[in-house]
Amino acid sequence: MASQLFADLYGCDEEILNNEEAIRRIAGQVVSDIGAEIVEECVHTFEPIGITYFAVITTSHFSIHTWPEYGYAAVDVFSCGESVTDRITRMLKDYFKASEVKLGRCERVIGRTSDKSEE
């Protein structure tokens with residue numbers, strides 16, 4: 001099984017949201033906390049503001065998309081590891097200095113299920 005965690009962070013610190021070094025540091029801390037390592041990363045800083053960060057990690061992938069003008073960040077963590085926990089929400093809230101976090105989760109079953117699906 002694999003888990004995908006979606007976090008919408010509101011009321012974030014605009015300076016953090018538009019700081020590539022801070023985004024890389026946050027990503028590294030979260031990825032390490034779930035027991036994974038960054039294999040490769042890609043970052044794009046938009047003009048005039050905003051950052052998209054994507055990392056291939058040893059258990060799947062991790063991404064951050066920021067909209068500093070709205071104080072908003074969208075974070076996705078997809079991992080086949082067992083340690084993608086709701087604790088990540090507290091970490092992200094602290095790192096981004098967010099006033100509110102909305103969390104979603106999707107559990108994915110790897111391999112075929114017993115139900116036959118139409119092909």
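Guide: Strands are DSSP runs of at least two residues, numbered from the N terminus, and in this predicted model S63 lies in strand β4.

Visitor: Why is S63 called buried?

Guide: The word buried is kept for residues under 20% relative accessible area, and S63 has a value of 3%, so S63 is buried. Leaving aside neighbours within four places in sequence, S63 is in contact with Y53, F54, A74, V75 and D76.

Visitor: What makes the pair of Y53 and F62 edge-to-face?

Guide: A pair of aromatic rings is described by the distance of the centres and the angle of the planes. Rings pair if their centres lie within 6.5 Å, and planes over 60 degrees apart count as edge-to-face; the centres of Y53 and F62 are 6.3 Å apart and their planes stand at 70°, so this pair is edge-to-face. Y53 is buried, with a relative accessible area of 0%, and F62 is buried with a value of 0%.

Visitor: Why is the pair of W67 and Y72 called tilted?

Guide: Planes under 30 degrees apart count as stacked and those over 60 as edge-to-face, while the rest are tilted; the planes of W67 and Y72 are at 45°, with the ring centres 5.3 Å apart, so the pair is tilted.

Visitor: How do you know whether W67 is buried, exposed or partly exposed?

Guide: Partly exposed covers what lies between buried, under 20%, and exposed, over 50%, and W67 has 35% relative accessibility, so W67 counts as partly exposed. Y72, at 18% relative accessibility, counts as buried.

Definitions and conventions
Residues numbered from 1 in each chain as written. Predicted model: local features only at pLDDT ≥ 70, side-chain atom pairs only at ≥ 80, totals over all residues. Heavy atoms only, no water. Helix = DSSP H or I, 4+ residues; strand = E, 2+ residues; numbered from the N terminus. Buried < 20%, exposed > 50% of the residue type's maximum accessible area, 1.4 Å probe, protein only. Contact = heavy atoms within 4.5 Å. Phe/Tyr/Trp six-rings, centres within 6.5 Å; stacked < 30°, edge-to-face > 60°.
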